[in-house]
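Subject: A structure for you to look at

Hi there,

Here is the structure I promised to pass on. Please open it beside this email, and then read on for what turned up in it.

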Amino acid sequence: MVSTFPEAPSIVRGGVESVAYCLTEGLRSLNEFEIHIIAPCSKHKPGIEQRDGMTLHWLQADKLPGFISYWTSFRKAIHRCLNEIKPDITHFQGSGGWTLGYNAPYVFTIHGIAERDILFQGGPMLSIRKNTIALIERQGRKRSPHTILISPYVSKELGSQIGGKQWNIDNPVTDDFFKVQRARTGPRILYVGRISERKNVIGLLRSFSQLLRIQPSAHLLLAGDAEEPGYRIRCMECVRKLGMEENVQFLGNVDRPTLLEQLSRASCLILISKQETAPMIVMEAMAAGVPVVASNICGLPYMIDDGRTGYLVDPSNEAEIVDRLLKLLSNPVLSAQMGEAAREVAYERFHANVIAQKTLAVYREALGQ
């Protein structure tokens, strides 16, 4: 598998890392594989690591800008590593640029629409970065012989850009989320994700300030790293200006046990992003029996049954967001009912063992078995 991967075993940064971690857990349970992971590293030392019966090959990127190196020098480093391993099947996660020029059997999973996501990052040469990534990813999508789509939204948006055979397979969630026992401790709203413009965190803070006028005992906990330091500063200033220091807590990037604990104590999860495909935290919250309040755009409506497993809202409509949050905060019975309905759906759709079996079927067809 070629993917971003947790450099520390208990700390997962980002959805693709979480998918790779959960999928390998499911695949290991099948006892049919010798699993190798090729992953970029920033904090981990480059080289080979043995972990949980898998072999991890950590590669360090060069000094070229990321939007160039990932499909040039880093891609070549990946292919050199693959040539040494000589796998029966390779599974590329997320980056179509990594697949270019690879001629052995492989499967490619599209995790998002990178050229759209980058528009929310800002920074220099935005137009050049966006157009370059769009060109490279379109080539990767078109040339892939077997492509896994994690949401119908991907197929709807990309259409003819996707070549080869398409497979619709949800992202996986490991068993530890399904074992979470909710122990609600007051009106607590949990956010998990990057502190970024795309995730609309400032919009969330403004909506929460309106909610505090009605429910002053509510607390908002935000778990995740800042994608860009300046945006986090703006978020902190927003909290200060709105006088919410006692009610808002930035947890930073949390490890897996802490995430499980936070889910157990949450009244609901909130994610009112401006762009999403199939965020892992929504599936993980559903597996933990936590109702979700999320944007009614992109891939989220394919995950949440509005009014049954959570609520879908207009991410720019503060009044609607506050109304749905209050329904869950003020009615523990409703929150519990929605959470259990969400857990049932998650078990049928997202459990890692279910996804591993479906993925194995793709591998076998890619190998002509």
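One term before we start: the helices and strands named below are DSSP runs, numbered from the N terminus, and a pocket is an open set of grid points with protein on both sides. Please also keep in mind that this is a predicted model.

**The whole protein**

The protein has 14 helices and 13 strands. Its radius of gyration is 20 Å, close to the 21 Å that the globule rule gives for 369 residues, so the protein is as compact as a globular protein of that length. Along the principal axes, the C-alpha atoms fill a box of roughly 60 × 45 × 40 Å. Buried residues make up 56% of the 369.

**The second largest pocket**

This pocket has a volume of about 510 Å³. Its lining is made of 22 residues, and those nearest the centre are Phe 33, Glu 34, Pro 87, Asp 88 and Ile 89. Two or more lining residues come from each of strand E1 (36-41), helix H3 (73-85), strand E4 (90-93) and helix H14 (352-366). Which element gives the most to the lining of this pocket? That is H14, with three residues. Sorted by class, the lining of the pocket has 13 nonpolar, four polar and five charged residues.

**A three-stranded sheet**

Strand E1 also belongs to an open sheet, where three strands follow the order E1-E3-E2 with mixed pairing. At the edges are E1 and strand E2 (47-51), each of which pairs on one side only. Ignoring direction, neighbouring strands of this sheet are turned by 30° against each other on average. In general, strands of a sheet pair through backbone hydrogen bonds, either parallel or antiparallel. In which sense do E2 and strand E3 (residues 54-60) pair, parallel or antiparallel? Their pairing is antiparallel, over five bridges. To see the two strands side by side, find Gln 50, which stands opposite Thr 55 in E3.

Happy exploring!

Note on methods. Residues are numbered from 1 along each chain as its sequence is written. This is a predicted model: local features need pLDDT of at least 70, side-chain atom pairs count only at pLDDT 80 or more; totals for chains, interfaces and linings use all residues. Side-chain values use heavy atoms; hydrogens and water are left out. On a 1 Å grid over the protein atoms alone, a cavity is a set of points where a 1.4 Å probe fits but cannot get out, and a pocket is an open set with protein on both sides within 12 Å along at least five of seven lines; lining residues have an atom within 4 Å of a point. Grid points are joined across faces, edges and corners, and a volume is the space filled by probe spheres set on the points. Helices (H or I, at least four residues) and strands (E, at least two) are DSSP runs, numbered from the N terminus. Ala, Val, Leu, Ile, Met, Phe, Trp, Tyr, Cys and Pro count as nonpolar, Asp, Glu, Lys and Arg as charged, and the others, Gly among them, as polar. Two strands pair if DSSP finds at least two bridges between them. Axes are lines fitted to C-alpha atoms, for helices over the stretch in contact, and angles run from 0 to 180 degrees between N-to-C directions. The radius of gyration is taken over C-alpha atoms; the globule rule is 2.2 Å times the number of residues to the power 0.38. Buried means under 20% relative accessible area, exposed over 50%, partly exposed in between (1.4 Å probe, protein chains only).
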